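Please examine the sequence and the structure shown here.

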Amino acid sequence: MSNTREQFRPDDHENDHFLLTTVVGSYPKPKWHDRARELFEDEDADFDAEEWEESKDDAARIITDEHERAGLDVVTDGEMRRNEMVEFFAERIPGYEFNGRVKVWGHNYFDKPSVVENVEYDQPWLVDEYEFTTEVADAPVKVPITGPYTLASWSFNEVYDSEAELTYALADLVNEEIEKLVEAGAKYIQIDEPALATTPDDHAIVGEALERIADDVPEDVRLGLHVCYGDYSRIYPEMLEYPVEEFDLELANGDFEQIDVFKEPEFTKDLALGVLDVHDTDVESVAEIKENIKKGLEIVPPERLTVSPDCGVKLLPREVAYEKMANLAEAAREVEAELDAGEIEVPAAEN
C-alpha cells in the first residue's frame, strides 16, 4: 500500500516533521441547527425541506470553518447532515426499516433499524456532503463512513442467515459508495467500526468485509479504519492484515493503558492516535496533549503518526470541543518543532 500522507501537508507548513492532525468525524451541532431539525420533523410546523437544507448547509459551512480556525490539517463538516451513525445510513439503504426506539444504556435510546429485505444500493449516501464540504473548505476533507460490521451488528437481522452474511452484503454497498466518493475526488476515507473491538473473534469477518471494500480503492486514496471503546488485544495483531493504511484508535479515555498491546509484534501501519478524551469536558492543556502525542512515538515514527481525538466529539459542549481541537493542533506543531530540533527521542524509530 502506497504512502498517501504527504498530499495532506499544508503548503505553508513551517516544520520539517509533519504530524497529520484531524478529527474522527462528528462535532457538536449548533443549537439552532438541532431546533431546525425539530421543526422539520414537526408536521405542524411551518418549516419545509428547502429551509432544512439551508440549515444543514449553514451548519456545515460554520463547523468546517471552525475546524480550519482550530488549525487542523484535514477537516470534516462535523457530520452536520447526519443524525446518528447507523440511522443515517439505514435510512438510505433499501431493505432497512424502523420500528421504534430501543433503550441502549441509562436514559439513552437508539432508533435501532431492522433488515427486512435484501439490502441494496440505489443512491449515493455522502457524495453531496463531500462535494459541499470541499467547496467551502480550504483544507483537505476526510469522509467518515460507518462500516458494514457496525451497520450489521447494531441492527436487527430478519433476512440473512447470519450477521456475517449481512456484513458482507453491506460491504458490497459500502464499496459502491466509496467508488462514487472517489469519482467525486475524495482522497481520505475512514471506515468507522466501533463494534469491532467489543465483540470477540469477529476480526475475520471485518477483514473479509474490508477486502471487499478496499478492492477498488486507488493507491492515492488514504483508507483508514476507526475502532474505539473495546479490548484491542482481541484484534491485535490480526488487524494488521486489514487492507487499510491507517488505524484510528481510542486510547486517551483509558489513560493509554492499552498502548502496550501494539508494541509486540511491531505495528506496521500508520497510527491515528486518540490524544483527547471525548468523554471529559475538561480541556486538556497543550502540555498534556504533547505528552500524549509522545506516547504514539513509542509505537510508530513521526512520519506514520496522525493526531486526533479519541472519537467523535458531538456530545461535548461546542466551545469545549473547539478548545480541545485548537490545543491539539498547537501541541502537534510544538512536537514537530521539537522533533526538528532533535529534542525528542523516538522509541519507535529504534525498532
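In this predicted model, three strands form an open sheet in the order β2-β5-β7, and the pairing is mixed. Strands, like helices, are DSSP runs numbered from the N terminus (strands: E, at least two residues; helices: H or I, at least four). Two strands pair if DSSP finds at least two bridges between them. The edge strands, β2 and β7, each pair on one side only. Strand β5 (residues 113-115) runs parallel to β7 and is joined to that strand by 2 bridges. Within this pair, Ser-114 stands opposite Phe-156.

A further open sheet contains 7 strands in the order β1-β12-β11-β10-β9-β8-β6, with parallel pairing. Its edge strands are β1 and β6, each of which pairs on one side only. Strands β8 (residues 188-192) and β9 (residues 222-227) are parallel and share 5 bridges. Here Ile-191 stands opposite Leu-225 in β9.

| β2 | 96-98 |
| β7 | 156-157 |

Is Lys-56 buried or exposed? Lys-56 counts as buried because its relative accessibility is 10%; buried means under 20% relative accessible area, exposed over 50%, and partly exposed in between (1.4 Å probe, protein chains only). Lys-56 belongs to helix α2 (residues 49-70). Apart from neighbours within four places in sequence, Lys-56 is in contact (heavy atoms within 4.5 Å) with His-33, Met-80 and Arg-81. The C-alpha atoms of Lys-56 and Glu-129 are separated by 9.7 Å, although these residues are 73 residues apart along the chain.

Residues are numbered from 1 along each chain as its sequence is written, and side-chain values use heavy atoms, with hydrogens and water left out. Local features need pLDDT of at least 70 and side-chain atom pairs count only at pLDDT 80 or more, whereas totals for chains, interfaces and linings use all residues.
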